[in-house]
Amino acid sequence: MENQLFFSSAQLQEQLEQQKALASVIVRIRESLDLETIFQTTVTQVRQLLNADRVAVFQFDLEQDWEGEFVCEDVALGWDSAMPVKVYDHCFGEQFAFNQQGQAQVVADIYKAGLSDSHVAILSKFQVLANLVVPLSRQKELWGLLCIHQCSEARNWKESEVEFIRQIANHLAVAIQQAKHLHQVQLQAAKLAQASQRDQVIAQIVDEIRSPVDIETIFKTTTQEIRKLLQADRVAIFSFNSDWSGNFVAESFAEGWTPLVGVQPAIADTYLQQTQGGRYVDNQTFTVNDIYQAGLTNCHVTLLEQFQAKAFATAPILQGDQLWGVIAAYQNASSRQWQSYEIESLTKISTQIGVALRHHKLLAHAQYQAEQQKTLTSVITRIRESLDLDTIFQTTVTEARQMLQADRVAVFRFDPQKDWEGEFISEDFVPECNSVIAEKVYDYCFGENFAPLYAQGRVNAIADIYQGKFPGCYIQILEKFQVRANMIAPLLKKGELWGLLCIHQCNAPRDWQPSEIEFTSQIAEQLGVALKQDSYLKQVQMQVVQLAKATEREKAMERQELLAATIDKIRQSLDIKTIFKTTTQAVRELLEVERVAIYRFNADWSGKFVADSFKDGWKPVAQAQPMIIETFEGTDDDNELPRNETFVPIREGEKLWGLLVAYQNSQPRYWKEEEINLLAQVGVQLGIAIQQAELLEQTKRQTSELTQALQELKQTQTQLIQGEKMAGLGQLLAGVAHEINNPISFIFGNLIHLNEYTQELLNVVKLYRQNSSLLPSIQKQIDRTDLNFLIEDLPKTLESMKVGTERICEIVLSLRNFSRTDEAELKSVDIHQGLDSTLLILGHRLKNNVQRPAIEIVKEYATLALLECYPAQLNQVFMNLLSNSIDALEEKFKTIQQRYLKLSQTCPIIPLTIWISTQAVNNQIVIKITDNGLGIPEEVRSHIFDPFFTTKAPGKGTGLGLSISYQIIVEKHHGQIRCSSKPGEGTEFLIEIPCSN
C-alpha cells in the first residue's frame with residue numbers, strides 16, 4: 001500500500017507548487033504595497049520552483065529609449081549578479097515591442113534562436129544560455145520585464161512554465177499599478193501636509209497665538225492675549241450672518257462684566273445691514289474714544305450700552321476678499337484714547353485671524369478632496385478586485401454617499417427593450433428617506449431633454465428642482481422620490497447610455513460644488529469601466545463555453561452511454577453510503593480496474609478512505625483512522641509513465657471534498673485520457689450527489705426546525721391571547737374596584753358625621769322628654785312610632801352600615817391587590833395578600849350552591865418577609881391552581897353523588913377542602929396548594945405542564961393554564977413548580993420561589 005501512495009503525478013505536483021507560489025505572490029501583493037518586498041519574494045520562490053539559475057525583475061527608464069536596469073534578482077551560487085549593470089539595447093524597440101501585447105519571449109538556446117548579435121552580446125554578458133522573458137505592463141504601457149535565466153546549459157521551457165510565469169507577471173503588473181496609485185496618493189498627502197505646515201509656520205512667525213489648529217482655540221487664545229496686550233476690559237470676535245446680523249463667537253473679559261457670547265437673538269446693526277458691511281468691507285478700522293462724544297446715532301449708542309462699552313476699537317476680519325466679521329476691543333469702565341500702535345496691533349491680529357480662517361477653510365477643503373480621492377481609489381480597487389457588478393455598485397453607492405454626505409445615492413439602469421424606462425438596482429440612503437429599489441420609472445420627456453446630453457457624458461447638477469425651468473413630469477418623478485436637489489452622472493457602456501448614477505438631497509436644496517461634480521463624474525467613469533469589464537468577461541465566458549461545447553461534442557457520444565448508466569446508478573439514491581457503494585462498484589466495472597476508492601479530506605488535509613470496491617483477493621482500504629495520501633508530497637514521475645493509480649477531485653460546490661481514486665494494484669497501467677475524463681465526470685456527478693444529499697439532509701433538518709418553530713409560534717400566540725385575557729381581567733377588576741371605591745368612600749366618610757348628628761338629635765329628644773311636658777298629640781305620635789325602640793335601634797343600624805361599608809372597602813382592596821395593573825415590574829410584596837385576593841375573587845365558587853356544599857379553605861400562613869416578584873403574574877398562577885382545585889373538588893362531588901344515585905342510596909356528607917400553606921426554607925418561599933379531590937393519574941400528571949394539554953371537555957379549557965403557570969414560576973421567577981398526586985386522595989402543587997429575583 002505504501003508503494004502505491006509514493007507514486008504520484010509530476011504534473012499535479014508541478015501545478016500545486018506553481019499554485020502555491022502564485023498564491024504566495026497574491027498574498028504578498030494584498031499584504032504589502034512595498035514593491036521591493038513583493039519582487040524579492042517572487043523572484044526567490046520562482047527561481048526555487050523552476051530550478052533556474054537567475055530570476056530577475058528588469059525596469060525600463062521611461063525617459064530613455066529602452067534603457068533600464070535590474071531592480072531585483074535571486075541568483076544561484078556561482079553566477080554573477082546583474083543588479084548593478086545598466087542595459088541598453090538599441091534594437092529592442094524594433095524586435096521586442098510585441099512584448100507590450102503581453103507575449104512572452106521563450107529562448108531555449110540563445111545561439112540557436114536567431115537573436116541579433118547585440119542581443120546575444122547582452123545575454124552573454126549575464127552568462128545566459130537560455131532565457132524566458134515576460135513583459136510587465138502598467139496601464140498598457142511597458143514597465144519592465146520578468147526574466148528567468150538558465151546559465152549553466154540550454155533549456156527547453158515547458159508550456160506550463162511559460163503560462164505560470166505569465167500569470168506571475170500579470171499579478172506583478174497589478175502590484176506595480178497599485179504601487180503607482182499609492183505613490184500618487186502619498187504625493188498628494190505630502191503636498192497637503194506641506195501646505196498645512198507652511199501655514200502653521202507662517203502663523204507661528206507672525207504670532208504665537210496662531211499655534212493651535214482648532215479655530216475655536218485660536219479665537220480663545222487670540223482674545224485672551226490681545227486683551228492682556230491692550231489692557232482692555234473686553235476683547236471679542238463678532239461673526240456676520242448672510243443678512244449682516246451676527247453673533248459674538250469668542251471673547252475675553254475682565255471680572256465684573258456680562259458675557260456677550262451666546263446672546264440671543266442675533267445682534268443686528270441697522271447701519272451695517274443697510275450698507276452691506278459699511279467701512280469694514282473696505283478693510284477699514286473703526287475707533288471711538290468715547291461713545292457719547294463721537295456723534296454716533298442713538299440706536300448705535302444703545303447697542304453699545306448693551307455691550308457695557310464706553311470706548312471701542314474694531315478691525316475687520318477678511319476671509320480672502322470676503323468680510324467674515326470683526327475683532328473689537330472694548331473699554332467699559334471709562335472712555336479711552338486709543339493709540340495708533342494699538343490699532344495697528346489689532347489690525348495685524350485681525351489679518352492673521354483672517355489667514356487662519358482661510359487656512360481652516362482650505363484645510364477642510366483639502367481634507368475633503370483627500371477623502372474624495374481615497375473613496376475614488378477604494379472604488380477603483382473594488383472594481384479591480386471583483387467582477388461582480390452588484391458588489392461593485394453597492395460598495396460604490398455606500399462610499400459615495402458617505403463621502404458626499406448626501407441623503408441617497410443610487411444606480412439607475414435603463415431597460416434596453418423599452419423607451420427610456422428603467423429601475424433603480426442599487427442604493428444607499430439615510431433612514432429618513434424611502435427606498436427606491438425596484439421602482440419602475442418612465443419619463444416620456446427624458447429622451448427629448450436629457451438623453452442626448454447624458455450620452456455625451458454630461459453631468460447634470462440641480463440645486464433646487466423648484467428653481468429651474470423643468471418639465472412638470474420631471475418634477476413629479478423627483479417628488480415621488482422625495483428629491484429636492486440632485487446630481488446625475490451618466491453610466492456609459494461602450495459609448496451607449498446604460499444607466500445613471502443619481503445623487504439625491506431630500507431634506508433641502510443644495511449647491512453642488514465643482515469638486516463634488518468632478519468626483520461624481522470620476523466615479524461614474526469608473527463604473528463605466530466596470531460595465532465594460534463585465535461585458536468583456538461575459539463575452540470571454542461565452543466563448544469559453546462555446547469552445548468547450550465544441551470540444552466536448554466530439555467525444556460526448558462515445559462516453560454518453562457509459563457515463564449515463566453510471567450516473568443513473570448514482571442518482572437512484574440520496575443516501576451517502578449507498579451512493580458511495582454504487583459509484584465505486586460501477587466505476588470499477590466501467591474502467592475494469594482492480595480497486596476504486598473514495599478518499600475524504602479533513603480540515604487539516606489529512607483524511608481517510610470512506611468507501612471502496614475491489615476485486616477478490618484484495619483487502620479493503622476504507623478505515624476509520626485518519627491518514628495522509630503521499631501523492632501530494634511529490635514525486636518527479638513523468639506524466640506519461642505507467643502508474644498504479646489515477647485520481648480526480650471530488651468537489652462539493654467550490655470546496656474540495658475528497659478524491660475518487662482508481663487503482664491497478666497488480667501492475668502499472670497506462671491511463672488513457674478518455675478514462676481520466678470519464679473518471680473526472682463521475683467525480684463531478686459524485687460531488688453533485690454528495691451536495692444533493694447534504695441539501696436533502698439540510699432540508700429535512702430545516703423542515704423539522706420549521707415544524708418546531710410553527711408549533712412554538714402557535715403556543716406563543718395562544719399564550720399571548722391568554723395573557724391578554726388575564727390582563728383584561730386585571731384591568732376590569734381594577735376598574736370595577738376604582739368605580740366602587742369612590743362612592744363607598746363617600747358613604748363611609750359620611751357615616752361618621754351621620755352617627756354624630758343622630759346622636760345629637762337623640763340627645764335633644766331625650767332632653768326634651770325629660771324637661772318639658774309633652775303635648776297630647778306629641779305623646780300620641782311617640783306611642784305610635786315606638787320612639788324608645790327607634791332610639792335603641794338607630795345606633796345599631798348605623799353601626800351595621802359602618803360594618804357593611806368596611807367590608808366593601810376590604811373587597812375593593814382585595815380586587816386591587818389581585819389586579820395590580822400598576823405593578824408589571826419586579827416588586828417586593830406580601831405574598832399572602834395575593835393569595836387572599838385570589839380567594840376573594842373565587843369566593844362565589846367556594847360557597848355552597850344547589851349542586852354541592854361549600855368548599856372549606858384552610859390557611860396555614862407562616863410569617864414571611866416581602867417577596868420580590870411580578871405580583872400580577874403570580875396572582876395569575878394562584879388563580880390557575882385554585883381554579884383547577886375547585887374544578888377537581890366539584891368533579892369529585894359530582895362523581896360520588898352520581899354513584900350513590902345509581903345505587904338509590906343517600907349520599908353521605910362529602911368534605912371538600914383546599915389547604916394553603918406558606919413557609920420560608922433555605923432563602924426560598926414555599927407555597928403549597930393541596931386539595932382532597934380525586935387526584936391525577938400518573939399518565940396525565942406527567943403532561944400537565946405541557947402546552948395545550950387538557951383533560952377537560954372541549955370548550956372548558958385551553959390546556960394553557962398550567963403551562964403558563966410553569967413559565968411564570970420557572971422562567972420569570974427562576975423557581976420551581978411541582979405536582980404530586982395520589983389517585984382517590986387528592987393533589988398537591990408545590991411552588992418554590994427565591995426570596996430575591
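**Chat about cysteines, strands and a helix pair**

Q: Hi! How accessible is Cys 907?
A: Cys 907 has 26% relative accessibility, so it counts as partly exposed. Buried means under 20% relative accessible area, exposed means over 50%, and partly exposed lies in between, with a 1.4 Å probe and protein chains only.

Q: What should I know about the model itself?
A: It is a predicted model, where local features need pLDDT of at least 70, side-chain atom pairs count only at pLDDT 80 or more, and totals for chains, interfaces and linings use all residues. Residues are numbered from 1 along each chain as its sequence is written, and side-chain values use heavy atoms, leaving out hydrogens and water.

Q: Back to cysteines: why does Cys 869 count as buried?
A: Because its relative accessibility is 0%.

Q: And how many disulfides are there?
A: The count is 0 disulfides, taking a disulfide as a pair of cysteine sulfur atoms within 2.5 Å.

Q: New topic: where is Ser 426 found?
A: Ser 426 is in strand E13, residues 421–429. Strands (E, at least two residues) and helices (H or I, at least four) are DSSP runs numbered from the N terminus. Ser 426 counts as buried because its relative accessibility is 4%.

Q: Which side chain does the Ser 426 side chain make a polar contact with?
A: That of Gln 394, at 3.2 Å. A polar contact is a pair of N or O atoms within 3.5 Å; within protein, one must be able to donate a hydrogen and the other to accept it, and residues adjacent in sequence count only if both atoms are side-chain atoms.

Q: What about Phe 412, which strand has it?
A: Strand E12, residues 408–414. Phe 412 counts as buried, since its relative accessibility is 5%. Leaving out residues up to four places away in sequence, its contacts (heavy atoms within 4.5 Å) include Phe 424, Val 441 and Trp 498.

Q: Switching to helices, at what angle do the axes of H20 and H22 cross?
A: At roughly 45°, with the axes of H20 (residues 831–841) and H22 (residues 871–902) coming within 9 Å. Axes are lines fitted to C-alpha atoms, for helices over the stretch in contact, and angles run from 0 to 180 degrees between N-to-C directions.

Q: Which residues of H20 and H22 make the contact?
A: Among them are Ile 831 and Leu 835 of H20, and Phe 878 and Met 879 of H22.

Q: Last one: which helix holds Ala 189?
A: Helix H6, residues 159–206.
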